[in-house]
Amino acid sequence: MLLLAFDTATPAVTVALHDGSRVVSGCTQIDARRHGELLVPGIVTALADAGRDRAELSDIAVGVGPGPYTGLRVGLMTARALGDALGIPVHGVCTLDALAYATGRTADQGPFVAATDARRKEVYWARYADARTRLEGPGVDRAADIADGVAGLPAFGAGAALYAESFASVAGPEHVDAAALAELAVERLKNGGEFLPPEPLYLRRPDAKVPANYKPVTPN
Amino acid sequence: MAADEPLVLGIETSCDETGVGIVRGTTLLADAVASSVDEHARFGGVVPEVASRAHLEAMVPTVHRALKDAGVTMADIDAIAVTSGPGLAGALLVGVAAAKGYAMALDKPVYGVNHLAAHVCVDQLEHGRLPEPCMALLVSGGHSSLLLVPDVTSDVRPLGSTIDDAAGEAFDKVARVLGLGFPGGPIIDRAARDGDADAIAFPRGLTGPRDAAYDFSFSGLKTAVARWVEARERAGHPVPVADVAASFQEAVVDVLTRKAIRACRENGVEHLLLGGGVAANSRLRALAAERCEAAGVSLRVPRPKLCTDNGAMVAALGAEMVWRDRAPSMLDIPADSSMPVTVTQA
């Protein structure tokens, strides 16, 4: 097995390679405005650092968000094109699941929230029982508006850090790391866990208003 | 078609058409287009986010349709070309990501090319290699430009462009004034066929002796049409839709062709090429033919389907770059929404 994982749903453009037993290389750059420029060179770097060839890839795991649309689409389009051209499966993973997985939390430590920045004063969030078990979400809301039962929990991720006053505590990791995404995906592949289709989780409709009735140019 | 000519797959996503074309040298093999135009109609114009979402969904199926139409496999492709600008930023990014993904997976070079230069180069698929230099009049919903083209792969010189609305935008707005729907180009063209182009004397923008010789302006014309129609309605008279459409269209194509011929004459260029979605307009094609003949200028106009946005034009330009041994683009090229026309390759 050689699994390529990447995610572009947060400011991190993050890539990792997993050989079935461990993460063998990775490349993470933080730049919310350059997903399109950084992703494919990052993949090339990860392959080169591991001394592996793209033709050896057996699986792709891609973060499907939720996340700001423009960057998110870069990851999904790249995953679909690579999967199509290499003839290998593309497994979609909720980006918040990878963030939650990276916390390593157990059920004994209690439920928690993973949250990323959704801009417009909102967060993308989901509630977890432990690092592997999502209970609720993903959703997109103002941190202050999330039901008390969710907002009073410890929270992880840059979305939580932005609105720290809404959560019981805030801790890292700040952004998702493809290494966690890769480990989670390999675990799911081995245990027969389910994946999402490689479709973006936009959670919002496009901003577009049907124009009002015709406005005359000549004043009455 | 020579078998040693490069087989190039071109990807275009600068606006609302997901285009994938395949060419070998200057021979068109496939031109697959998936359009999201119907999703934009109720908004009266292209909504960037709607277009970007549609590109992501349409890309892989459109690539496969093109491969099937061309009768080739992915492994046969020598290079990938993609529109890297100008256009809608989020829409361009989907095409650029797809191109890099395919190029990396297939271990083939990628060429990020200029959308406007591709509109010029597409004519090679119909009429053979471009004469050098040629003059290009590119008119669409997003652009209205006069370009002097000594070499479409590396030397494109803008002589003039619109200072406000693009010509295609004016068609959309006038169609809205007349309550005809979206997109306005084909609708106005059809409505105008039964109308009198001389019925109403609409203004010809920037045609005064001291105006910029090669620039265009269509905003005033659009407002003049709206005022005329509103005055009729307020006076309780019916609006002669066909006459308004024909007179408006005539005002647009009169200025476009007049300035294009002048540019040819003043720059000693013997060949005029039309491109862009508005070049599908039947009256523009007819008047350009008439005036070119009178001026002794040869006219090249691709068939309407190659004038509107498509992937074949991108493949055509990419193939020309390969043919001329231009170095490919890097895998870190950005999508550049305001890529200048002088930059033919990213």
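Modeller: Buried area is the accessible area (1.4 Å probe) that two parts lose on being put together, summed over both. What you're looking at is a predicted model, where local features need pLDDT of at least 70 and side-chain atom pairs count only at pLDDT 80 or more, while totals for chains, interfaces and linings use all residues. Residues are numbered from 1 along each chain as its sequence is written, chains are lettered from A and ligands numbered from 1 in the order in which they are written, and side-chain values use heavy atoms, leaving out hydrogens and water.

Colleague: How much area is buried between domain 1 and domain 2 of chain A?

Modeller: Chain A splits into domain 1 (3-95 + 176-191) and domain 2 (96-171), with bounds from an automatic or database domain assignment. Their contact (heavy atoms within 4.5 Å) takes 17 residues from domain 1 of chain A and 14 from domain 2 of chain A. Carbon and sulfur atoms give 62% of the area buried between these domains, which is about 1,300 Å².

Colleague: And which residues of domain 1 of chain A lose the most area to domain 2 of chain A?

Modeller: Three residues together account for 35% of what the domain 1 side buries. They are Pro66(A), Pro68(A) and Cys94(A).

Colleague: Which residue does Asp97(A) meet in a salt bridge?

Modeller: A salt bridge here needs a side-chain nitrogen of Lys or Arg within 4 Å of a carboxyl oxygen of Asp or Glu, and the rule finds two across the interface of domain 1 and domain 2 of chain A. For Asp97(A), the N to O distance is 3.1 Å, and the partner is Arg188(A).

Colleague: Which helix gives the largest share of the side of domain 1 of chain A that touches domain 2 of chain A?

Modeller: Helices here are DSSP runs (H or I, at least four residues), numbered from the N terminus. One helix, residues 178-191 of chain A, supplies six residues of that side, and that's helix H6.

Colleague: What residue of chain A does Glu57(B) bridge to?

Modeller: The rule finds two salt bridges between chain B and chain A. In the one from Glu57(B), the closest N and O atoms are 3.5 Å apart, and the partner is Arg80(A).

Methods:
Helix = DSSP H or I, 4+ residues; strand = E, 2+ residues; numbered from the N terminus.
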